[in-house]
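Keep the sequence and the 3D view open as you read.

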Amino acid sequence: MQVIESKIDKSSIEYKENFEHNRRLAEELKKELEIAHTDRSDKALKRLREQNKLTVWERIELLLDPNTPFLEIAPLAARGMYDGKVHGAGMVSGIGVVHGREVVVYANDPTIKGGTVYPMGVKKALRTQTISMENRLPIIYLVDSGGAYLPLQSEIFPDADDGGRIFYNQAQMSKMGIPQICAVMGLCTAGAAYIPAMSDEVVHVQKTGAIFLGGPPLVKAATGEEVTADELGGAEVHCIHSGVSDYMAVDDEHCIQIIRDIVKALPPPQKVEIGQREPRPPLYDPEELYGIIPKNIMTPYDVREVIARIVDGSEFLEFKTLYGDTLVCGWAYIFGYPVGILANNGVLFSESALKATQFIQLCDKRGIPLLFLQNITGYIVGKEYEKGGITKDGHKMVNAVATATVPKFTVIIGASFGAGNYGMCGRAYAPRFLWMWPNSRIGVMGGEQAADVMVTIKREQFKREGKGELPEELVEKIRRPIIEAAEREGNAYYSTANLWDDGILDPPKTRDVLSLAISASLNAPIRSDVYGYGTFRM
Ligand code: COA
């Protein structure tokens, strides 16, 4: 494979300015993550200690093998929503290693409103289960939750992808043979009681853990019966009498130890072999990405400079270099794993779409995971291109992306606009994981462009209705809210708060995160049984 030759001038003003800018964005991200991990009220922390419970992070640390990475999912979910304090949507989830085996962790944070589940918490719970299902990873639920966050109950309860789906998924996962191990580490009420009930094995902590469909206040209100939480659903009730729980633990530490023992006793994972090589670092320092990513998202640059800082040895076998050159396609290795990369280098034309379609088919046939580096304003528009069939060629690419069955990974490294988002494997196209860089932007189109479209429509309407020219003050009135909304809702933080992605990445860490994700994906068969494509419009 050829080594990508970098043409970056590290002494240029542009490089230095970019470096400063992107470094600042990375610092901001670090601060945001720090807040999400540590900003808890003294009251909640005090209550936790009174109950002799560990924090969610202490639990996770004890659960995972020492000095192994934890790939956290959506740590900034629900950022800025509700009272601004429901960090991570009230739960921590991710992929970690227990006794050398990759598992999904799903843990309520009892220091955020008693671990209750907000609407975004439901979304994150479902996403976490999807990761477990798609990658066939055992899932460990550390449950400590008062169930639904009652003031928002109508947004959590009745719909197809609301709370009930969590337990529906548990039944499906059980059928699929995905191990589900649950720790009862707090008073698990109502919905939270169903998680242990639907799991394969339940470890129950004495005194602090309880499972009941209705807590003592509800029982009193409904039947007049006075009962303590422990008498109603404690470890003795469920381990000795009801049989709901399978193992009794004296405290959090003991509970986590039992869970580790259960994982150790599982049959070994059957990971897929895809021809992994000896990993090698890139030839160029990934930190240089700070100097390469332009300050202005619309400034063009050669995406090979990014690839050179992500792949092993900066080696890249480029496919159809001279054809459809606004899309760079080719083969490389990341931490020794083979990948097929598709990376934008401009607007998508018919040729680039056709090239993508062919390349995706090749990777899919050969069982090579696909990596999309998305920086796209969309497919080319205009009379000439419509005549040339851009719509049908774009369709072929979108069709191939949608139906390819090898694991797909997407990193939005810049713009993610319009159908470009679809063709480059946006969230709706089922990549196993999708992340954003802090500089990236997402939307149907940029704010300026959307505002111009709306002004043009209004101008035409005025003319048609004989009202003459559109007054200047109305132009501003139309433009401003559209531009402001795009500014507010098009950035990476808004995206990640809404769980449109699995997290924001510090660009130099992209390679490490991808290697963890690819490794996790190999727990599932490399291709599904439904391999094949629909009809390509010719
Ligand atoms: N909805 C909304 N907020 C809730 C809640 C719920 N279901 N359950 C608890 N909270 C809030 C409390 O109001 C409190 O808020 P504050 O910090 O602003 O005062 C916070 O969560 C902690 O609750 P607290 O009772 O002080 O802590 P705890 O550790 O002693 O008990 C629970 C936590 C969850 C076990 C307990 O609050 C409880 O039993 N809640 C009711 C559970 C329930 O009936 N759920 C039915 C859902 S369908």
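## A buried serine

Let's start with Ser 314, which touches Gln 2, Val 3, Ile 4, Pro 282, Leu 283, Tyr 284 and Ala 308, leaving out residues up to four places away in sequence. Touching, or contact, means heavy atoms within 4.5 Å. You'll find Ser 314 in the loop between helix H12 (304-307) and strand E11 (315-319). Helices (H or I, at least four residues) and strands (E, at least two) are DSSP runs, numbered from the N terminus.

Is Ser 314 buried or exposed? Ser 314 counts as buried because its relative accessible area is 0%; buried means under 20%, exposed over 50%, and partly exposed in between (1.4 Å probe, protein chains only). The side chain of Ser 314 reaches the backbone oxygen of Ala 308 at 2.6 Å and the backbone nitrogen of Leu 283 at 2.8 Å.

## How to read the numbers

This is a predicted model, where local features need pLDDT of at least 70, side-chain atom pairs count only at pLDDT 80 or more, and totals for chains, interfaces and linings use all residues. Residues are numbered from 1 along each chain as its sequence is written, and side-chain values use heavy atoms, with hydrogens and water left out.

## An aspartate in the loop

Asp 312 also sits in the loop between H12 and E11. Asp 312 is buried because its relative accessibility is 4%. Which backbone nitrogen lies 2.7 Å from a polar atom of the Asp 312 side chain? That is the one of Gly 336, and the side chain of Asp 312 reaches the backbone nitrogen of Phe 335 at 2.8 Å as well.

Not counting residues up to four places away in sequence, the residues that Asp 312 touches include Glu 278, Arg 280, Tyr 333 and Arg 511.

## The nonpolar cores

How many residues are in the largest nonpolar core? There are 105, and Val 306, Ile 307, Ile 341, Leu 342 and Leu 373 touch the most other members. A nonpolar core is a set of buried Ala, Val, Leu, Ile, Met, Phe, Trp, Tyr and Cys residues joined through side-chain atoms within 4.5 Å. Take Ile 341: among the residues it touches, beyond those up to four places away in sequence, are Ile 307, Phe 316, Phe 359 and Leu 373.

A second, separate core has 24 residues, including Ile 60, Val 98, Ile 140 and Met 185.

## An alanine in a helix

Ala 125 belongs to helix H4 (residues 119-134). Ala 125 counts as buried because its relative accessibility is 1%. Apart from residues up to four places away in sequence, Ala 125 touches Met 91, Tyr 106 and Ile 166.

## Around the ligand

Now for the ligand. Of the 14 residues around it, Lys 43, Arg 47, Lys 113, Gly 146 and Ala 148 come nearest; a residue is near if one of its heavy atoms lies within 4 Å. Oxygen atoms of the ligand lie 2.5 Å from an N or O atom in the side chain of Lys 113, 2.7 Å from one in Arg 47 and 3.2 Å from one in Gln 51.

Taken alone, the ligand exposes 870 Å², and the protein buries 58% of that (areas by the Shrake-Rupley method with a 1.4 Å probe). Helix H2 (42-50) and strand E7 (187-189) are the elements giving two or more residues to the shell around the ligand. The shell residues divide into six nonpolar, five polar and three charged.

Terms used: Polar contact = N/O pair within 3.5 Å; in protein donor to acceptor, adjacent residues only side chain to side chain. Nonpolar A, V, L, I, M, F, W, Y, C, P; charged D, E, K, R; others polar.
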